[in-house]
Each structure stands twice: as C-alpha cells, then as structure tokens.
Amino acid sequence: MSRLENLLGIDVPIVLGPFGGLSSVALTAAVSDGGGLGSFGLYGYTPDRIHDTVSQLRAATPRPVAVNLWLPRGDEVRPEDIDVQPFVDAAAPLFAAAGVDAPTPPTAFLPPVAGQLDAVFAARPDVLSVVFGIPDADTLIAAHEHGIRVIGTATSVAEAVALEAAGVDAVVATGSEAGGHRVSFLREASASLVGTFALVPQVVDAVGVPVIAAGGIADRRGVAAALALGAEGVQVGTAFLRTRQSAATAAHRDAIGRAADTDTVLTRAMSGRLARGIPNRAMHELEASGMIAPFPAQNWLTGVFRAAATARGDGELVSLWAGQAAALSRFDDAADVLAELTAGLPV
C-alpha cells in the first residue's frame, strides 16, 4: 500500500476530481465504494447545505470521502464594488435565450469561506481539498484536530512548495491539460500553464508529501505514466464527468464525447477566471462582447442563465468544462471507468 493510500484510507490511489457545480452524491459514492477517493465540490454552498451534503455522502457510502472548497485569492469583487448592469446588459440575448429575466445584484456573490470551513469541520469529512490558495495555520490545525486530511492544489512548483511549507498532507499537481478552472494563486493562471508531463516530476522532486497528478489522465495509460513520473496517485475529472453517475447534462456528456484533442479552449467568459472547456454559444457571445465581469460577479451572472439552460438540457448556454483528453473518455458507469484506471496501477 502506498503512502497516499495509507494517508487517505483508500484502496487504490485514484481521486475523483471535485466538480464545483457538477458534483453528485452518486458519483462521489461510486468512486469511494470502488476503493478510490470520491470528491464533492462545495463551491458556493452555505453552511447548512454543506452539512446536508456531507450527511448524504455518509449515508451513501461507508468509505472515505473528500469535499472541496475554493479559498479566496483576495481579488474577488463584492456587489458593492462593481456596477454589474453593463455586464448584465451585454448578456441580455443569453438570458432571453434561456427564458429568464435579467437578474438584479444579490447582497453577496458567495458565502463567507470562514462559515464554510466551520461547517466542514463540524461535518467531518475524511478529506478537505482546497483550490486557489494556501490554507492558513488555524485552518490546518482545526482540520487535523477534527481528523480531516488536507490536500492542496498546485499549478506550479512554487505553489506546491508553498503548500507543503504550510503543512498540507498531500499536493495535487494539476497540468494545463485539465478541464475546468486553472487554480493558480501565486501567479496569474495565464502565466502558470505548465503541462502535466513537465509539472509532475518537478513537483515530486521539490516536495516530500505525496503528489497526486491531474490533467490529461483518462485511462490506464495515463495512470501508468503519472506513476512513472513519480506521482503516488492520480486525480481524474473529465473521464468521470461523462459517466452515468455524474451531474453533467446529457448535452454536456455528448459534447465531451465529440471533443477532439484541439477542441477545448481557455476562457474567462463563464466565470471571470481562466478555465478550460468546450466552446458553445454562451462562450462565443460573451467573449465577442468584450464584457466579462471580474470573478465572482461573472460567475453569478452566467449562473442565472446556466441554471435555466441546465433544466432545459440546452448545451449551448452552460459551462462545458472538459480537459484535453476528453476524446479518451467513454459514456459508462463510474465503476467501469474506475476499473479501467485501476488497470494502470502496478501489479
């Protein structure tokens, strides 16, 4: 058994990528039941919703589970900091296409992270993973006092070193191939686009904690390659996002299935932060408008028409997050995808 498996109490060193807004209890439980570490993204969740979600996860699987939170970078805008009306006006055709009225600003774009963390500590998941920053000393102490392991996420060697120095238990080294948000925090995301094959061995050489490779891993070959680079485990997102148990819509799964190696792009259009996904009408029109609000205002704004489009199954008005290995994914049960990934582990 590897250090990572011992650390997390799992049987196979395969971690489900935490999907902010696309997580499902069924998928998280399926990966955990299969011996890996199921993860659930808590982006935007209130403390009560965090409590309820962890309770559902505990009811769904007796195995270890992880939850994920976004840490503040310090550049987040509040409703009182910005006039959102010009950005709302620019997106008017998308609200109309989704059949919803243009929104008015909320009192807050996001719940305070301190309350989210307190809720996580009270709920006591097995693992807390974080993105976009370094947990402070009080957070790490509180997590460990509650028996919670902490995993940080790095897009560069410097970020991995900083996370280890802070006291995290393991580091995810996520290459630029990965789908979804680029979670850089020491430099701008656009200046931190290191590929998985280059990033992982350099992070392994730079830190002493277990390293989990992420980005472009979708089958047994990716797992074997990541371990050959020195990683002790892998984190897989897009391949699981296409499974029957994920919360992705049928349109999103179909888009992943059709995506070629060059079909994903990096954009700030959907959230205000750089992320990798498959282009659609919403992305094209927002980028063409030149009116993209800073995070999290843009994410709140697009969330209004994305929610309506999700309910209608409209893939042109949602965030089609996917990584560059999307073409290697398959529409299958999560257990079968986990079995394929596990086949890449050494016998």
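Asn 280 lies in the loop between β11 (275-277) and α13 (281-289); helices (H or I, at least four residues) and strands (E, at least two) are DSSP runs, numbered from the N terminus. The model is predicted, so local features need pLDDT of at least 70 and side-chain atom pairs count only at pLDDT 80 or more, while totals for chains, interfaces and linings use all residues. Residues are numbered from 1 along each chain as its sequence is written, and side-chain values use heavy atoms, with hydrogens and water left out.

**Asn 280**
- Asn 280 is buried, with a relative accessible area of 3% (buried means under 20%, exposed over 50%, partly exposed in between, with a 1.4 Å probe and protein chains only).
- A polar atom of the Asn 280 side chain lies 3.1 Å from the backbone nitrogen of Met 283.
- Beyond its neighbours within four places in sequence, Asn 280 is in contact (heavy atoms within 4.5 Å) with Gly 315, Glu 316, Leu 317, Val 318 and Leu 320.

**Ser 156**
- Ser 156 is placed in the loop between β5 and α8, and at 15% relative accessibility it counts as buried.
- Its side chain reaches the backbone nitrogen of Glu 159 at 3.2 Å.
- Ser 156 and Leu 199 are 43 residues apart in sequence, yet 6.7 Å apart in space, C-alpha to C-alpha.
- Leaving aside neighbours within four places in sequence, Ser 156 is in contact with Leu 199 and Val 203.

**Helix α7**
- In helix α7 (residues 137-145), the buried residues are Thr 139, Leu 140, Ala 142 and Ala 143.
- These residues lie on the same side of α7 because they cover an arc of only 165° around the axis, taken from the directions from the helix axis to the C-beta atoms.
- An α-helix has 3.6 residues a turn, so residues three or four places apart point the same way.
- The buried residues of α7 pack against α6 (113-123), β5 (149-154) and α8 (157-166).
- Exposed residues Asp 138 and Glu 145 are carried on the face turned away from the buried side of α7.
- At the start of α7, a side-chain oxygen of Asp 136 comes to within 3.3 Å of the backbone nitrogen of Asp 138.
- Just after α7, Gly 147 adopts a positive phi of about 75°.

Notes: Polar contact = N/O pair within 3.5 Å; in protein donor to acceptor, adjacent residues only side chain to side chain.
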